[in-house]
Amino acid sequence: MSGRSICRMAIYYLLGIVSILYWDSHRGYIIAAWLACMIFMWWHIHSKLKKGVNFQSDLKFGLNMQSRMSHGFVGSARFIVGINVVCVLVGAFTAYRTQAQYNIYDELLTDGMYVTFQGEIYKKEVKSNSLIYYMQDVYLQSDHFLLDDSNGLDNSNGLDNSNGLDIHNESSDSIELSISNGANEISCSKIIICLDSDIYPIGTICIGRGQVKAFSTSRNDGNFDERQYYNSLGIATRLEKCTLEDLFSSIEFENCESLVCDNEEIFFFHRFFCDIKEFLWDLRCDISQVYAEYLPGEEAGIMSTIALGDKGNLDSEAKELFQMSGIAHLLSVSGLHISVVAMSLYNFLRRRRLGFVTSGVASVAVLGLYANMVGMGLPVRRAFIMYVIYIVGMMLGEAYDSLTALAIAGMIMMIENPLVVMNVGFVFSFSAVIGVVTYASQLKKVYEAWWLKLLEKRNIRKQEQPRMYKVIHRVLGALAFSVGVTLATIPILGHMYYEIPVYSMILNFLLLPLMPALLGFGLLGGLVDWFIGWLITFSGTSLTTIVAAGATTFVSSVLVRIIMLPTHLILYLYEMVADLSLKLPGARQIVGCIPIWKMAAYYLLLYVLIYRVLPQFLERKRKSGENWNLKVQGKKKARLDSKLWLKIKTRSDSKLWLELIAVSITMGGLLIPAQVDIEIDMLDCGQGDAIYISDGCGVNCFVDGGSTSIKNVGKYRMLPFLKYRGVRRIDYWFISHTDEDHISGLREAIEDGYDIRHILFSEGMELKDLGELAEAHGIDVQFISQGDQVVTESVTFTCLYPSSESGFEGPNENSMVLLMEYGDFQAILTGDIGADQEAWIMNDNYAREKLLSACENTYDDQESNSCEDEISARMEKPKFAGIELLKMPHHGSKYSNSREFLKLIAPHYSIISAGEKNRYGHPAKDAIARMDELGLAHYCTIDYGQISVIPDKSGDCRVKSILRTLNN
């Protein structure tokens with residue numbers, strides 16, 4: 001089977017998976033992909049058939065032989081189609097089955113329930129000052145779920161009770177074991193449990209009891225989806241508050257090994273590999289301690305992350321610095337690390353005249369140990385599989401094809417877990433390699449051709465280049481490759497992270513060449529200190545040995561400091577250059593979540609630029625009568641007739657320049673975020689308020705922005721939403737009042753350097769430190785009161801409250817109340833006012849007139865005899881009375897949202913922002929009951945996540961939610 005056939009099989013398998021996982025959200029793109037694959041399949045088969053028939057005609061075989069050969073090609077075509085169809089169906093089936101399985105886990109394993117578990121520890125990780133155990137082959141037991149046909153679980157997926165193990169536990173403090181037939185049990189491949197300390201080694205089969213901590217989902221556009229991330233790693237759920245015991249130390253069996261494996265030899269090898277993993281974990285911890293001892297400040301955490309994949313001690317500011325400057329990929333162990341470790345060892349052994357097999361096997365073994373030590377993440381696994389294919393190919397004398405090896409790695413990982421295609425690391429790792437192979441390498445070839453032409457023009461032979469020319473050639477070659485990599489990965493960065501570091505290309509060009517030295521010195525220093533420490537421990541405790549150990553420790557300390565000095569200097573350079581790049585103008589450009597169609601158009605234009613325009617642009621400057629074929633290197637130069645070349649040159653002088661400029665501008669234009677249509681978005685920020693408003697004409701507004709239940713709400717919820725939408729600035733940021741649940745996210749946005757033009761507070765509001773912070777960042781601060789307006793091209797904001805005559809004291813009591821008008825559409829944004837302020841607004845002449853003007857068809861002033869009469873009167877009107885949208889006051893508090901206020905406004909839709917299980921009981925049952933009594937529709941972020949309202953100038957609007965489908 002050819003390499004390209006394997007690539008096609010991987011593509012069709014991927015298409016089957018994507019068709020199931022993303023049909024609801026990207027069905028248009030999936031249909032387009034299907035059509036493209038069908039067209040490509042038809043073209044491929046047609047070209048094969050055509051080549052076969054022409055081949056027979058050229059050899060002048062008989063008609064019978066020609067017909068038989070054509071039938072042979074038809075049979076091959078049917079075989080190709082059949083293989084592709086099978087790949088699609090298998091991919092779709094596995095994706096559907098896997099997704100259904102994880103959906104069932106989410107239904108059964110609800111947040112807060114206690115379960116008893118049994119599983120094997122296969123990996124450890126330190127995260128957020130706690131230890132994470134990754135467990136596989138897990139059995140879960142609880143009285144809250146049953147294995148039957150109603151839950152959709154196949155009984156074959158339940159616990160195999162052949163070992164007679166049943167675990168009973170009524171409390172979270174003790175574990176009771178008995179031998180009986182199990183019940184109410186399910187099995188899952190992997191879970192994670194959170195502990196305070198490291199108790200058991202890798203490979204231990206443990207039992208315990210813990211509380212389910214369900215993975216969170218994305219509740220706003222652009223926010224991190226924890227559930228999707230962990231499911232893409234094959235992890236079903238997470239347990240906290242765990243009590244844990246070793247299974248074999250808790251039960252007395254005559255033959256404990258029979259519970260694990262009936263074959264003693266297999267059990268021995270299993271235990272052996274587990275011991276190796278535990279040794280690698282201890283080694284990783286020891287080396288991390290070496291970095292903490294010999295590297296200053298945050299450099300220890302950075303080095304542990306780069307060399308060991310240990311992010312437990314990574315400083316948050318250092319992480320942000322690397323992310324914002326565009327060199328965050330240096331912090332993740334990936335193919336670059338694999339090439340440094342494996343290829344360095346392989347080349348070292350080959351220079352020592354060892355054979356291909358010995359060098360290859362040794363490098364693969366060491367690479368396997370290193371990959372397991374750093375956690376065997378998805379990029380590491382991809383690089384490890386590709387390297388093994390490379391070594392096997394060299395042993396067998398076969399040529400290595402990067403795309404084929406990449407396809408094999410992708411097939412292996414997708415077969416293991418189809419949901420892996422939703423993992424950001426998987427997508428970026430594979431897409432980056434494809435971009436490097438297809439675009440960056442070709443751009444490097446174009447540069448090589450240009451360099452040869454330059455040498456020819458100066459009458460310099462390639463073998464006789466001066467040393468200065470060689471240095472310049474290497475530098476420019478590395479720069480060309482860096483440009484190619486950057487161009488190939490820009491759309492992926494924009495699609496996943498919503499912004500592009502402008503100077504990342506230069507940073508990667510300057511810093512990537514230092515990566516082998518950084519990794520080499522870092523690993524060497526850690527291993528030397530660990531090895532000498534091991535020798536001292538192994539040597540004994542006699543007096544002579546103790547004296548020798550002291551001397552050895554001193555020498556070791558000096559030696560390690562010398563080895564780690566280059567590491568310190570390189571890390572310091574990394575931080576300095578990254579920090580400097582962020583101070584340059586336009587360092588980060590928000591591009592929003594780039595749509596797939598824009599990405600496809602960008603890559604098509606990039607192909608035209610690199611494979612067509614640039615080669616022709618260089619070709620036109622060749623000497624007359626000679627042409628370099630850049631696409632097929634290594635072959636004889638094609639000769640053109642001089643007259644024909646002159647025609648091409650004359651035609652191309654202006655045309656190619658125009659093509660080059662047009663393609664470049666169009667590619668850049670595809671990265672500019674589209675203007676956001678008019679929309680009102682209430683973000684789910686827990687117990688707080690955050691409302692984004694776009695006027696549809698390029699003016700962006702925000703009302704409040706904070707939370708008391710979610711830490712770093714600005715960093716993790718508000719700013720990702722704005723960047724996802726491609727919002728590069730906020731023109732007007734209204735602050736109803738300065739309680740933390742309304743301003744904490746704004747403070748984070750200012751400190752992050754987000755572009756904010758004006759912040760508007762209500763008159764007399766105490767600003768605390770927010771005013772000074774805003775002025776320090778050059779943001780205009782203004783105060784508004786009743787009657788003041790902010791007018792954009794399509795939207796008008798009128799302040800209805802507070803007024804100098806209101807006479808209330810306190811931040812909540814003086815919350816800003818805004819009336820937003822867009823044509824015949826009106827919305828009222830109320831802050832945290834209470835029932836007294838609602839009554840004042842209804843009695844104030846200006847505010848009441850504005851409200852009645854907005855509610856042209858409001859209820860009559862006469863009181864109806866019953867609630868039923870009011871609702872009937874409202875339903876009989878041709879159009880609902882009242883305004884279109886109300887942001888319910890004070891998160892739906894029972895001390896706000898009075899019946900009179902709601903009756904006067906009579907909103908078509910009401911939206912509430914509150915945090916789940918908040919201590920205030922928001923939204924209050926009384927307030928909801930009053931809404932229901934009046935027949936008013938209401939939506940809360942607790943149930944619906946982000947709530948979006950799309951208004952129309954006619955006064956109508958549409959309401960949609962990120963978590964649920966709304967019928968309106």
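In this predicted model, helix 24 (residues 835-843) has a set of buried residues, namely Q837, E838, W840, I841 and M842.

Of the 968 residues, 48% are buried. The chain has an accessible surface of about 47500 Å², and carbon and sulfur atoms account for 57% of that.

Part of that surface is a nonpolar patch built from F356, V357, V361, V392, M395 and L396, with about 530 Å² of accessible area together. Helix 11 (356-373) and helix 12 (378-396) each put at least two residues into the patch. M395 sits in helix 12 and is partly exposed, at a relative accessible area of 32%.

So how do these two helices lie against each other? Their axes come within 10 Å and cross at roughly 170°. Since angles over 145 degrees count as roughly antiparallel, helix 11 and helix 12 are therefore roughly antiparallel to each other. On the helix 11 side, the residues that meet helix 12 are F356, V357, G360, V361, S363, V364, L367, G368 and A371; their partners in helix 12 are V380, F384, Y387, V388, I391, M394 and M395.

Then there are the charged pairs. Side chains of opposite charge can pair when their charged atoms come close, and the structure holds 23 salt bridges. One of them joins the side chains of D221 and R725 at 3.0 Å, N to O. D221 lies in the loop between strand 6 (205-212) and helix 4 (226-232), and R725 in the loop between helix 21 (713-724) and strand 15 (729-735), so this pair ties together parts that are 504 residues apart in sequence. Both residues, D221 and R725, are buried. They also belong to a network of salt bridges that links D221, E679, D681 and R725.

Another salt bridge pairs K887 with D689, with the closest N and O atoms 2.6 Å apart. Here too distant parts of the chain are linked: K887 is in strand 22 (residues 885-887), D689 is in the loop between strand 12 (679-682) and strand 13 (690-694), and the two are 198 residues apart. K887 and D689 are both buried.

The side chains of D579 and K583 also meet in a salt bridge, at 3.3 Å, N to O. D579 is partly exposed, with a relative accessible area of 34%, while K583 counts as exposed at 64% relative accessibility.

How values were computed:
Residues numbered from 1 in each chain as written. Predicted model: local features only at pLDDT ≥ 70, side-chain atom pairs only at ≥ 80, totals over all residues. Heavy atoms only, no water. Buried < 20%, exposed > 50% of the residue type's maximum accessible area, 1.4 Å probe, protein only. Areas by Shrake-Rupley, 256 points an atom, 1.4 Å probe, with all protein chains shown as cover. Patch = residues over 30% accessible without salt bridge, like charges linked within 9 Å, V, L, I, M, F, W, Y side chains within 5 Å. Salt bridge = Lys/Arg side-chain N within 4 Å of Asp/Glu carboxyl O. Helix = DSSP H or I, 4+ residues; strand = E, 2+ residues; numbered from the N terminus. Axes fitted to C-alpha atoms, helices over the stretch in contact; angles between N-to-C directions. Parallel < 35°, antiparallel > 145°, perpendicular 65-115°, else oblique. Contact = heavy atoms within 4.5 Å.
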